[in-house]
Amino acid sequence: MITLFIISLLGVIAMLAEILKFKKLLAPLTLLGLIAAMGAGVSEWNNPVFIPVFNNMLLFNHYALAFSISLCLVTFLWFLMAQDYLKTETAITDHYALILFSLAGGIVLTAFGNMVMLFLGIEILSIPLYILAGSRKTDLASNEASFKYFLLGAFAIGFLLFGIALIYGATGSFELNTINQYILQHPGEMPAFFYAGILLIIAGLAFKVSAAPFHFWTPDVYQGAPTMITAFMSTIVKIAAFAGFFRLFSTCFVSVADSWNQLIGILAIISMLLGNITAIRQDSFKRMLAYSSISHAGYLLLAILAINNHSAGAIFLYTLAYAVASITAFAVLKKVYALKNNDLIESFNGLAKRNPLLALSITIAMLSLAGIPPTGGFFAKYVIFNTALTGGHLWLVIIAVIASLIGVYYYFKAIIASWFKPATDENLIELSLQDKLLLIITTLLTLAIGLFPEFILNLLS
Amino acid sequence: MQTIHNIPMNMYLLLSTVLFSIGVFGVLLRRNAIIIFMCVELMLNAVNLLFVAFSAYLGDTQGQVFVFFIMAVAAAEVAVGLAILTMIHRNTGSVDIETLNKLKH
């Protein structure tokens, strides 16, 4: 709860910084605030009981606290990475405020106990990002990305709301627990439009987590938006949207799992195969990461499909490993982009000679995303597949393994380019202290998640 | 209240589904960005109608409160959307979404 307050307050302070002229202090203040928010989350962890707040609107239980802390951690890393970008932007305070408000929306999404907060959480998360995606006002690619993101976001919200309306009509409530109680008390008596509501909610949320076939906006938006904003979208938004997706389905619709199981299974299969196969053909690193994020959405859907005691831990571990590796990848891309002014995979050629730290971090990040030991990504994938196997989805796991083998191919393209291809110019690349620190932290975190996955899993089981 | 109940609930459900579908097809088929915005609004208002109808039939006010939330958020969203559109119009001189094809594989 305090985490949410701190983040929202920081957003307001960021807006005041413009008027009261303490812009210089904003960066350290935000980083300290994020640490304080994480600390507040940790201090609430040992509470004996978790009391719902605002009339059951929000409930900060272990699940919500773990995801909030992970969101704040990733945002902290993001701020470290984006300092250069934020320095060059003219409207610095707006950027800080919008990012922090978006994070607040993400935290609401991890903790909602009522459909109203689900809706508000998604909107608070998305609306600042529509603006940020278009923050290069004269760049047509950025304009297009922003417009597409906005339009499909609003379209998806329409589906989500129609679904919520139908479920309200069938059960007479917006509260997750009350809906669940109602379903349990009336087994087999739910009207047909109740099931239609569930399907519409799945469609709306699938847009948000960019699962195929609702993924078509992802590559364009990821490519067109400023690189740092893309990094934010592919990490924070992904974690928050999946946290919300799982919270809704595990507390509310778990008793009618038969009615939506197959649909989620189909979405997972299409996302995994389509994401991985299309990613192979990409020359642009950013577009490749966009398709890879679609395939990761597919793996994560497996954990939602097989709802059991381990699912929450599996999703938490996977999103964390994925987000940390993505931040590393984007930090390296930022450096390469600054030199070559393009995001082609060829630009990584000879990176190892020019700066070994960059090459090493991108290698660990790619290994983690591909799911190769001893990185965090391997154990995350293992736990997800194991969860799905416990749920009896053998065929899906076989398809998932094949899909991740295809994935190895394109992740290795970046590794091979940076270690074995000759560089076009041999000059060394200078890294600022901040960048070095960030790359070392994220690389160590990726390895740490791989070495101690049990610790993270045990938090939520 | 009585007059509302004279019309069966299914009629409201049907009406909002039809309105919602018109909105969806409008978004998918039209090429003018402003018309597309209006179609998104139509979708949201179809949902509002459904919420209010359910709320009246269930004798529960929560649904009506939700409608206020949707209206407020939709207003915020449209403000952002129109700003984005103004920006695009300034750069391309058009609101036709066909002009937005710079990002291709």
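This is a predicted model: local features need pLDDT of at least 70, side-chain atom pairs count only at pLDDT 80 or more; totals for chains, interfaces and linings use all residues.

Visitor: Fine. How many helices and strands does chain A have?
Guide: Chain A has 19 helices and zero strands. The radius of gyration of chain A is 21 Å, close to the 23 Å that the globule rule gives for 461 residues, so chain A is as compact as a globular protein of that length.

Visitor: What does chain A span along its principal axes?
Guide: The C-alpha trace of chain A spans about 70 × 55 × 45 Å along those axes.

Visitor: And what share of chain A is buried?
Guide: Buried residues are 61% of the 461 residues in chain A. As for contacts with a separation of 6 or more, 81% of those in chain A are between residues 24 or more positions apart.

Visitor: Now chain B. What is its secondary structure?
Guide: Chain B comes to four helices and zero strands. Read from the N terminus, its elements run α-α-α-α.

Visitor: What is the radius of gyration of chain B, and what would a compact globule have?
Guide: Chain B has 18 Å, whereas a compact globule of 105 residues would have a radius of gyration near 13 Å. The C-alpha trace of chain B spans about 55 × 25 × 25 Å along its principal axes.

Visitor: How about buried residues and contacts in chain B?
Guide: Of the 105 residues in chain B, 28% are buried. Residues 24 or more positions apart make up 44% of the contacts in chain B with a separation of 6 or more.

Visitor: How many residues are in contact between chain A and chain B?
Guide: On one side there are 33 residues of chain A, and they are in contact with 31 residues of chain B. On the chain A side, the elements that give two or more residues are helix H5 (115-133), helix H6 (140-171) and helix H9 (217-224).

Visitor: Which of them gives the largest share?
Guide: H6(A) does, with 17 residues. By class, the side of chain A that touches chain B has 20 nonpolar, nine polar and four charged residues.

Visitor: Different topic. How does one describe two packed helices?
Guide: By the angle between their axes and the distance between the axes.

Visitor: Then at what angle do H11(A) and H17(A) pack?
Guide: Helix H11 (residues 257-280) of chain A packs with H17(A) at an angle of about 20°, and their axes are 8 Å apart. Angles under 35 degrees count as roughly parallel, so H11(A) is roughly parallel to H17(A). The crossing of H11(A) with H17(A) is left-handed.

Visitor: Which residues meet there?
Guide: From H11(A) they include Gly265(A), Ile269(A) and Met272(A), and from H17(A) they include Leu396(A), Ala403(A) and Tyr410(A). The contact of H11(A) with H17(A) has 14 nonpolar, three polar and no charged residues.

Visitor: And H12(A) with H17(A), at what angle?
Guide: Helix H12 (residues 285-305) of chain A and helix H17 (residues 394-420) of chain A pack at about 160°, with axes 11 Å apart. Angles over 145 degrees count as roughly antiparallel, so H12(A) is roughly antiparallel to H17(A). H12(A) passes H17(A) in a left-handed crossing.

Visitor: Which residues are involved in that one?
Guide: Among them are Phe285(A), Met288(A) and Tyr299(A) in H12(A), and Leu396(A), Ala400(A) and Gly407(A) in H17(A). Divided by class, the contact of H12(A) with H17(A) has nine nonpolar, three polar and no charged residues.

Definitions and conventions
Residues are numbered from 1 along each chain as its sequence is written. Chains are lettered from A and ligands numbered from 1 in the order in which they are written. Axes are lines fitted to C-alpha atoms, for helices over the stretch in contact, and angles run from 0 to 180 degrees between N-to-C directions. Angles under 35 degrees count as roughly parallel, over 145 as roughly antiparallel, 65 to 115 as roughly perpendicular and the rest as oblique. A crossing is left-handed if the near helix is turned anticlockwise from the far one by less than a right angle, and right-handed if clockwise. Two residues are in contact if their C-beta atoms, placed from the backbone, lie within 7 Å. Ala, Val, Leu, Ile, Met, Phe, Trp, Tyr, Cys and Pro count as nonpolar, Asp, Glu, Lys and Arg as charged, and the others, Gly among them, as polar. The radius of gyration is taken over C-alpha atoms; the globule rule is 2.2 Å times the number of residues to the power 0.38. A residue is buried if 20 or more other C-beta atoms lie within 10 Å of its own, exposed if 12 or fewer, and partly exposed in between; C-beta atoms are placed from the backbone.
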